[in-house]
Amino acid sequence: MSRASAAWMGFVASLGCVVCRRAGTQPNGIELHHVAEGSGKRSDFAVAPLCPEHHRGASGFHGQGSRAFCSAYRLPGESEYGLLVWTAEDAARALLARGAL
Ligand SMILES: [Zn+2]
Ligand SMILES: [Zn+2]
């Protein structure tokens, strides 16, 4: 893990769960989901912040599977990559609020 990827993952984790934010619910804890095609190579820059429930729980990505999850929460493009769109949106908001964008 490079210094840049460690810093990026810390920043992404600080944004809070992208699904909870849009559902208006309070996230409880944070985990990073690596977005990748099938068993393709994972990048520490392609990560999305999810609470444990929305990550591994019954209503979560790994709990109900990619297709059902993307459909249930209406991810942009109805694809796992929509998680990266939401992460970028929330990152932009956070950076704007800090005057860093
Ligand atoms: Zn959540
Ligand atoms: Zn995951």
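**Group meeting: a walk through the fold**

Let me start on the outside of helix H6. Ala92, Leu95 and Leu96 are exposed there, on the face turned away from the helix's buried side. One caution before I go on: this is a predicted model.

Now the other side of H6. Which residues of H6 are buried? Leu83, Trp86, Thr87 and Asp90. Seen down the helix axis, the buried residues fall within an arc of 100 degrees, so they line one face of H6. An α-helix has 3.6 residues a turn, so residues three or four places apart point the same way.

What does that buried side pack against? The buried residues of H6 meet H1, H2, E1 and E2. As for length, H6 has 16 residues. From first C-alpha to last, H6 reaches 23 Å, close to the 22 Å expected at 1.5 Å a residue. After H6 comes Gly99, with a positive phi near 70 degrees.

Step back to the whole chain. The protein has six helices and two strands. From the N terminus, the order is α-α-β-β-α-α-α-α. The C-alpha atoms fill a box of roughly 35 × 30 × 25 Å along the principal axes. For 101 residues, a compact globule would have a radius of gyration near 13 Å. The protein has 13 Å, which agrees. Buried residues make up 22% of the 101.

How about contact range? Take contacts between residues at least 6 apart in sequence. Of these, 47% join residues at least 24 apart.

Next, the core. The largest nonpolar core has 15 residues. Those with the most contacts inside it are Cys17, Val18, Val19, Ala48, Leu50, Leu83 and Trp86. Which elements give two or more residues to this core? Helix H2, residues 18-23, is one of them, and strand E2, residues 47-50, is another. Helix H5, residues 66-72, and helix H6, residues 82-97, complete that list. E2 provides the largest share, three residues.

Trp86 links several of these pieces. It is one of the buried residues of H6. Leaving aside neighbours within four places in sequence, Trp86 is in contact with Val18 and Ala48.

On to the strands. Val47 and Pro49 point one way from E2. Ala48 and Leu50 point the other way. Are these four buried or exposed? All are buried. The partner of E2 is strand E1, residues 31-34. The two pair in the antiparallel sense, over four bridges. Within that pairing, Leu32 stands opposite Pro49 in E2.

Now helix H1, at residues 3-14. Its twelve residues reach 17 Å from the first C-alpha to the last. How many of the twelve residues of H1 are buried? One; H1 is hardly covered. Just after H1 sits Gly16, and its phi is positive, about 85 degrees.

Look at the loop between H5 and H6. Arg74 lies in that loop, and its phi is near 50 degrees, positive in a residue other than glycine. Glu78 is found in the loop between H5 and H6 too. Its phi is also near 50 degrees, again positive in a residue other than glycine.

Why does Arg74 count as exposed? Because it has 9 other C-beta atoms within 10 Å, and the cut-off for exposed is 12 or fewer. Glu78 has 12 other C-beta atoms within 10 Å, so it is exposed as well.

Compare that with Arg56, in helix H3, residues 52-56. Arg56 has 14 C-beta neighbours inside 10 Å, so it counts as partly exposed. Buried would take 20 or more. What does Arg56 touch? Beyond neighbours within four places in sequence, Arg56 is in contact with His62 and Gly63.

To recap the main points. H6 keeps its buried residues on one face, and they pack against H1, H2, E1 and E2. E2 gives the largest share of the core and pairs with E1. That's it from me.

Definitions and conventions. Residues numbered from 1 in each chain as written. Chains lettered and ligands numbered in written order. Predicted model: local features only at pLDDT ≥ 70, side-chain atom pairs only at ≥ 80, totals over all residues. Core = buried A, V, L, I, M, F, W, Y, C linked by C-beta atoms within 7 Å. Contact = placed C-beta atoms within 7 Å. Rg over C-alpha atoms; globule rule 2.2 N^0.38 Å. Pairing = 2+ DSSP bridges. Expected span 1.5 Å × (residues − 1). Arc of directions from axis to C-beta.
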